[in-house]
Amino acid sequence: QVQLVESGGGLVQAGGSLRLSCVAFESSFSANGIGWYRQAPGKQRELVAGITSGGNTNYRNSVKGRFTISRDIAKKTVYLQMNSLKPEDTGVYYCRFYPLEWYPGDTWGQGTQVTVSS
């Protein structure tokens, strides 16, 4: 059953911004970490940012200073604010419980497409 649903992707020019949302359903939101991942065609999926149940955040180097992951516990939502977008940020973005190793039974959802044009 689907527990997380991501949204907010779109087409933007380089330098623009997008805010992705990940809404949790049928889960103990505050007890779980959430991560944002992305995948471009022909490339491996990679972790973009993660936030633990304790609120600690982790970012891959290429997005540090540009992306911010945050959560609203009351709304059971995790956000990924993406600023100063670059063409290399293009890909399908997914949210999953994080870290992945703690949730071996989970699967990937549909994701939300982010396309950054130059």
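## A bridge between β2 and β10

L11 has T115 in β10 as its bridge partner. β2 and β10 (residues 112-117) run parallel and are joined by four bridges. Strands here are DSSP runs (E, at least two residues), numbered from the N terminus.

This is a predicted model, where local features need pLDDT of at least 70 and side-chain atom pairs count only at pLDDT 80 or more, while totals for chains, interfaces and linings use all residues. Residues are numbered from 1 along each chain as its sequence is written, and side-chain values use heavy atoms, with hydrogens and water left out.

## The sheet around them

The order β2-β10-β9-β4-β5-β6 describes an open sheet of six strands with mixed pairing; two strands pair if DSSP finds at least two bridges between them. β2 (10-13) and β6 (57-59) each have a single partner strand, so one side of each is left without a neighbour in the sheet.

## The largest pocket

A pocket is an open set of points on a 1 Å grid over the protein atoms alone, where a 1.4 Å probe fits, with protein on both sides within 12 Å along at least five of seven lines; lining residues have an atom within 4 Å of a point. The largest pocket holds about 270 Å³ of space, a volume being the space filled by probe spheres set on the points, which are joined across faces, edges and corners.

Its lining has 14 residues, with Q1, V2, Q3, L4 and T107 nearest the centre. β9 contributes the most to the lining of the largest pocket, with three residues.
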